[in-house]
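Here are my notes on the model, point by point. Please read them with the structure open.

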Amino acid sequence: MLRASNADWRRPAGPLFDATLVSALATIPIGLAIGDLDWTPGWPAWGYLLLLAWSSQALGWLLISISLPRLPAALTSVLLTFQPVLSVLFAWAILDESPSPLQLGGSPSSSAAC
């Protein structure tokens with residue numbers, strides 16, 4: 001949907017804003033149903049949330065949405081699978097995290113290695 005909505009290259013942030021708004025609104029009832037929704041996180045949590053929102057989410061997806069209509073669909077699909085794989089690898093290499101079997105099962109590289 002992002003690829004189709006970004007056919008007009010002059011306004012790439014509009015469809016991304018719409019998708020982000022719908023995602024945010026959809027997570028509120030899910031958070032309420034699960035019971036983990038925290039309306040008052042502390043200041044360090046707000047800082048991390050804003051850093052994450054502006055760096056990897058807003059800027060990253062803005063770059064992705066700009067390039068989607070300009071690349072072939074096959075190349076785009078391959079490139080987008082690198083995001084979860086590299087997230088697991090960077091978390092392991094930089095943060096010394098050990099991914100769970102469930103996380104490894106969701107990573108495309110682990111299923112390709114089998």
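1. In what order do the elements of the protein run from the N terminus on? The order is α-α-α-α-α-α. That makes six helices and zero strands. Helices (H or I, at least four residues) and strands (E, at least two) are DSSP runs, numbered from the N terminus.

2. A word on the basis. This is a predicted model, where local features need pLDDT of at least 70 and side-chain atom pairs count only at pLDDT 80 or more, while totals for chains, interfaces and linings use all residues. Residues are numbered from 1 along each chain as its sequence is written, and side-chain values use heavy atoms, with hydrogens and water left out.

3. Overall burial and surface. The protein has 114 residues, and 12% of them count as buried. Buried means under 20% relative accessible area, exposed over 50%, and partly exposed in between (1.4 Å probe, protein chains only). The accessible surface of the protein comes to about 8,900 Å². Carbon and sulfur atoms hold 74% of that surface. Areas come from the Shrake-Rupley method with a 1.4 Å probe; for residues, only the protein chains shown count as cover.

4. Contacts (heavy atoms within 4.5 Å). Take those in the protein between residues at least 6 apart in sequence. Of these, 52% join residues at least 24 apart.

5. Helix 2 covers residues 13-34. Its 22 residues should span 32 Å at 1.5 Å a residue, and the end C-alpha atoms are 31 Å apart, so the two values agree. The expected span is 1.5 Å times one less than the number of residues. Pro15, Leu16 and Gly31 are buried in helix 2. Gly35 follows the helix, with a positive phi near 95 degrees.

6. Helix 3 covers residues 43-67.

7. Helix 4 covers residues 73-95. Its 23 residues should span 33 Å, and its end C-alpha atoms are 33 Å apart, which agrees. The helix bends by about 25 degrees at Val85. Val85 is buried in helix 4, as are Thr76 and Ala91.

8. Val88 is found in helix 4. Its relative accessibility is 21%, so Val88 counts as partly exposed. Leaving aside residues up to four places away in sequence, Val88 touches Pro99 and Leu104. Val88 and Leu104 are 16 residues apart in sequence, and their C-alpha atoms are 8.1 Å apart.

9. Ala91 lies in helix 4. Ala91 counts as buried because its relative accessibility is 17%. Ala91 touches Asp96 and Glu97, again not counting residues up to four places away.

10. Asp96 deserves a look. This residue follows helix 4 and lies in the loop between helix 4 and helix 5 (101-106). Asp96 has a positive phi of about 60 degrees, although it is not a glycine. With a relative accessible area of 64%, Asp96 is exposed.

Methods. The bend at a residue is the angle between axes fitted to the seven residues ending there and the seven starting there.
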